Amino acid sequence: MRIATNLAADMSARQFHRTRHVSEISQSHGWGYELPAQADEVLAKQLVLGLPVPLRDVFVLSRFGGLTNSQIAEQLGISPKTVEWRMTKALAHCAAQLRR
């Protein structure tokens with residue numbers, strides 16, 4: 001799983017840099033062609049999908065489901081402290097992937 005996560009992060013980083021390069025060239029030539037929003041969306045999806053399942057469940061329920069830690073804990077059958085810990089780990093994982 002770690003190898004797959006690293007490969008996804010590498011591909012994502014390469015795609016991001018390619019997209020940024022195309023965008024910079026098109027803007028400098030006045031082509032008005034912009035891709036960063038789409039690239040950001042793809043990168044975000046890859047980051048979320050690259051999370052280990054327990055961390056991803058908490059992250060998705062919190063960020064996309066709008067649930068509180070208590071609600072997530074109840075839904076997943078874990079303690080609110082575990083939800084807090086998993087969310088911290090998920091955010092750290094995403095930040096680490098973005099730094100690559």
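Visitor: Leaving aside its neighbours within four places in sequence, which residues is L76 in contact with?

Guide: L76 is in contact with D57, V58 and L61, contact meaning heavy atoms within 4.5 Å. This is a predicted model, in which local features need pLDDT of at least 70 and side-chain atom pairs count only at pLDDT 80 or more, while totals for chains, interfaces and linings use all residues. Residues are numbered from 1 along each chain as its sequence is written, and side-chain values use heavy atoms, with hydrogens and water left out. L76 belongs to helix α4, residues 69-76, and its C-alpha atom lies 8.6 Å from that of D57, 19 residues away in sequence.

Visitor: Why does L76 count as partly exposed?

Guide: Buried means under 20% relative accessible area and exposed means over 50%, with partly exposed in between (1.4 Å probe, protein chains only). L76 has a relative accessibility of 31% and therefore counts as partly exposed.

Visitor: Which residues of α5 are buried, and what makes them line one face of the helix?

Guide: V83, R86, M87, A90, H93, C94 and Q97 are buried. Seen down the axis of α5, these residues fall within an arc of 125°, so they line one face; the arc is that of the directions from the helix axis to the C-beta atoms. On the other side of α5, K81, W85, T88 and R99 are exposed.

Visitor: Why is α3 called roughly perpendicular to α5?

Guide: Helix α3, residues 53-63, packs with α5 at an angle of about 95°, the axes being 8 Å apart. Angles of 65 to 115 degrees count as roughly perpendicular, under 35 as roughly parallel, over 145 as roughly antiparallel and the rest as oblique, so α3 is roughly perpendicular to α5. Axes are lines fitted to C-alpha atoms, for helices over the stretch in contact, and angles run from 0 to 180 degrees between N-to-C directions. In this packing, P54, L55, V58, F59, S62 and R63 of α3 meet V83, R86, M87, K89, A90 and L91 of α5.

Visitor: At what angle do the axes of α4 and α5 cross?

Guide: These axes come within 8 Å and cross at roughly 105°, which makes α4 roughly perpendicular to α5. N69, I72 and A73 of α4 and P80, V83 and E84 of α5 make the contact.

Visitor: What makes F59 and F64 an aromatic pair, and how are the planes arranged?

Guide: Rings of Phe, Tyr and Trp (its six-membered ring) pair if their centres lie within 6.5 Å; planes under 30 degrees apart count as stacked, over 60 as edge-to-face and the rest as tilted. F59 and F64 are 6.2 Å apart, centre to centre, with 70° between the planes, and form an edge-to-face pair. A search of the whole structure finds one aromatic pair. F59 counts as buried at 10% relative accessibility, whereas F64 is exposed at 61%.

Notes
Helices (H or I, at least four residues) and strands (E, at least two) are DSSP runs, numbered from the N terminus.
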